[in-house]
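Please look over the sequence and the structure below.

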Amino acid sequence: MADAPLTTTALTAATVDALTGAGYDEVDQGRIGKWPAPGARVFEDPYSVAALIVYETWAELAGRWLEAQAALADLLSAHFNSEDAKSWEGYLVLITPSVLPREFRLEAGAIRRDVTHARKLLITGDELVSLEDVERGLLPLLPLRTHEIEGGDQTALDLLPDLLSQRHIPTGAVDALLTAFADQQPLAERLDRFLREEQTA
């Protein structure tokens, strides 16, 4: 059976299915107010808030993601104070079926690393062979799956630093996040502090 076409409608539906399947509830449109992007949707679980916007082209995404970030920041500040963990756990999910032009790879990388106001999950057409690939791009928002791990007395969290280091993710960043997780502190806040400390070191 042929894969479904990677239209904005299909990508939105696949993302909604992945998030709701992971326990997220969609926030009523009346609560989120007016957004700069048509079709924007917002989801929340007990720990985080995720805004989803699917753009037709890379050019549209690159030109408008800052507007979406501002809208999410306004939404978080309107509903959560700085003491609420959710105010630090905002995610902006930016998706386009458009293939990322080679000359914009650095710009895309900068968007992914930008944790101002919210973490960014950027998924472009070159990462999407089929709709099943959407879930892979959403992994930071989805629960850890531990049923396939055979680690004796080790937990999935014990194995995480080694697994991520194989993907060239700095061990210090992983340790900072795991410490924050264990202390039930906002993850994005701790990651932001770690990155700032790294820049000044």
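This is a predicted model: local features need pLDDT of at least 70, side-chain atom pairs count only at pLDDT 80 or more; totals for chains, interfaces and linings use all residues.

## Helix α3 against helix α4

Helix α3 covers residues 58–79, and helix α4 covers residues 105–113. Their axes come within 12 Å. The crossing angle is roughly 45°. Angles under 35 degrees would count as roughly parallel, and 65 to 115 as roughly perpendicular. α3 and α4 are therefore oblique to each other. The crossing of α3 past α4 is left-handed.

On the α3 side, Trp58, Ala62 and Trp65 make the contact. By class, the contact of α3 with α4 holds 5 nonpolar residues and 1 charged residue, with no polar ones.

## Arg64 in α3

Arg64 sits in helix α3. Is Arg64 buried, exposed or partly exposed? Its relative accessible area is 26%, so Arg64 is partly exposed.

Which residues does Arg64 touch, leaving aside neighbours within four places in sequence? Arg64 is in contact with Pro36, Ala37, Pro38 and Tyr55. Take Ala37 from that list. Arg64 and Ala37 are 27 residues apart in sequence. In space, their C-alpha atoms are 8.0 Å apart.

## Helix α8

Helix α8 runs over residues 187–200 and has 14 residues. From first C-alpha to last, α8 reaches 20 Å. That is close to the 20 Å expected at 1.5 Å a residue.

Which residues of α8 are buried? They are Ala188, Arg190, Leu191, Asp192 and Phe194. The cover over the buried residues of α8 includes strand β5 (119–123) and helix α7 (171–182).

## Helix α7 against helix α8

The axes of α7 and α8 come within 9 Å. They cross at roughly 145°. The crossing of α7 past α8 is right-handed.

From α7, the contact takes in Gly172, Ala173, Ala176, Leu177, Ala180 and Phe181. From α8, the contact takes in Leu187, Arg190, Leu191 and Phe194. By class, the residues of the contact of α7 with α8 divide into 8 nonpolar, 1 polar and 1 charged. Arg190, Leu191 and Phe194 are in this contact, and Arg190, Leu191 and Phe194 are also among the buried residues of α8.

Technical notes:
Residues are numbered from 1 along each chain as its sequence is written. Side-chain values use heavy atoms; hydrogens and water are left out. Axes are lines fitted to C-alpha atoms, for helices over the stretch in contact, and angles run from 0 to 180 degrees between N-to-C directions. Helices (H or I, at least four residues) and strands (E, at least two) are DSSP runs, numbered from the N terminus. Angles under 35 degrees count as roughly parallel, over 145 as roughly antiparallel, 65 to 115 as roughly perpendicular and the rest as oblique. A crossing is left-handed if the near helix is turned anticlockwise from the far one by less than a right angle, and right-handed if clockwise. Contact means heavy atoms within 4.5 Å. Ala, Val, Leu, Ile, Met, Phe, Trp, Tyr, Cys and Pro count as nonpolar, Asp, Glu, Lys and Arg as charged, and the others, Gly among them, as polar. The expected span of a helix is 1.5 Å times one less than its number of residues. Buried means under 20% relative accessible area, exposed over 50%, partly exposed in between (1.4 Å probe, protein chains only).
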